[in-house]
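Please open the structure in a viewer and keep the sequence at hand.

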Amino acid sequence: MANQRLSRKIFNICMVCIIIIIIIFVAMMFILNYDVNGETNMPFQVSKISIISTVDGKDVENSEYKWAIDVIQNNDIYVYIEKNEDYSKQETIASVKIDNFHIRQSTDLGEIKIYKPTVNETSLFQNTDENIIQNIEFKGAKSTNTRNLEISNQGGVLSFRCANNKIGTYTSNDDEEINYNELLTKLNLSEEDLKAIVTFQMTITLDSGKAFRAEDISIEIPNQNLIAEGTVGQEYTDMQDIVFKRIEN
């Protein structure tokens, strides 16, 4: 009888241990899956990223040449945030912040800066010192107003510029006119000379207090064929590598 009670006790202990192990295993699998895939049903999601790469220039003052142009390579980034129609609850965007920029260039050519949109200029971006940023935050509003750093609380478009302002100076006394799209060729530059990887993180905060963050969003600049074409637009719609995780409940 005593042996039976001992055997039953050992059996019960073993079953409890097995159950605990299973619970720990399931919990670890859940944590691992969340670490890899993050939130699978967010109220809002990044639907695409558009990059427009162009070549520009700034006249050098008091030059002895007929033409003296500091060549600039601009990359205008547009991030599209859409409402998830499969999300059952009603949520609205309070803000979207982009920060923690890191830039890794393939060469030491030039100096890349991040710029916010301008308010009163004709063009959306101006490469001026007052527009240089370390982070940018768009507040939720009734509609998207990029210049005022506002995004519709139901989803909209964010934008910023990555510009390489010091890639070289083109000088000439022979050209009758200057085609800016040809400046990179005139400087004998290759796409590899200009290539860079820009990473950043994005935080979407909702009016309900929930907040989601995606780290290490990565884009490559400039777009391919820039040397040949001078202006190149590219859209990226595969957003599987962008993993958001909840940081506030």
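Rings of Phe, Tyr and Trp (its six-membered ring) are paired if their centres lie within 6.5 Å; planes under 30 degrees apart count as stacked, over 60 as edge-to-face and the rest as tilted. The model is a predicted one, in which local features need pLDDT of at least 70 and side-chain atom pairs count only at pLDDT 80 or more, while totals for chains, interfaces and linings use all residues. Residues are numbered from 1 along each chain as its sequence is written, and side-chain values use heavy atoms, with hydrogens and water left out.

**First stop: the aromatic cluster**

Select Phe-101, Phe-160 and Phe-200, which form one aromatic cluster. The count of aromatic pairs comes to three. Phe-101 and Phe-160 are edge-to-face because their ring centres are 5.4 Å apart and their planes stand at 70°. Now colour the strands (DSSP runs of E, at least two residues, numbered from the N terminus). Phe-101 belongs to strand S3 (residues 93-105) and Phe-160 to strand S7 (residues 156-164), so this pair ties together parts 59 residues apart in sequence.

Phe-200 is buried, at 2% relative accessibility.

**Second stop: Lys-48**

Select Lys-48 together with Tyr-80 and Glu-235. The charged end of Lys-48 sits over the ring of Tyr-80, 4.5 Å from its centre; the rule asks for NZ of Lys or CZ of Arg within 6 Å of the ring centre and within 35 degrees of the ring normal.

Lys-48 also meets Glu-235 in a salt bridge, at 3.0 Å from N to O. A salt bridge is a side-chain nitrogen of Lys or Arg within 4 Å of a carboxyl oxygen of Asp or Glu. Glu-235 is in strand S11 (residues 231-236) and Lys-48 in strand S1, 187 residues apart. With a relative accessible area of 44%, Glu-235 is partly exposed.

How many salt bridges are counted? The count is eight. Select Glu-111 and Lys-113, whose closest N and O atoms are 3.4 Å apart. Glu-111 is partly exposed at 33% relative accessibility, as is Lys-113 at 28%.

Then select Glu-192 and Lys-195, a salt bridge with its closest N and O atoms 3.3 Å apart. Glu-192 is partly exposed, with a relative accessible area of 43%, and Lys-195 is partly exposed at 30%.

**Last stop: the largest pocket**

Select Lys-58, Ile-72, Asn-127, Thr-128 and Asn-165, the closest to the centre of the largest pocket among its 20 lining residues. Strand S1 (44-59), strand S2 (67-83) and strand S4 (112-115) each supply at least two residues of the lining. The largest share, four residues, comes from S1.

Definitions and conventions: Buried < 20%, exposed > 50% of the residue type's maximum accessible area, 1.4 Å probe, protein only. 1 Å grid on protein atoms, 1.4 Å probe; cavity = no way out; pocket = protein on both sides within 12 Å on 5 of 7 lines; lining within 4 Å.
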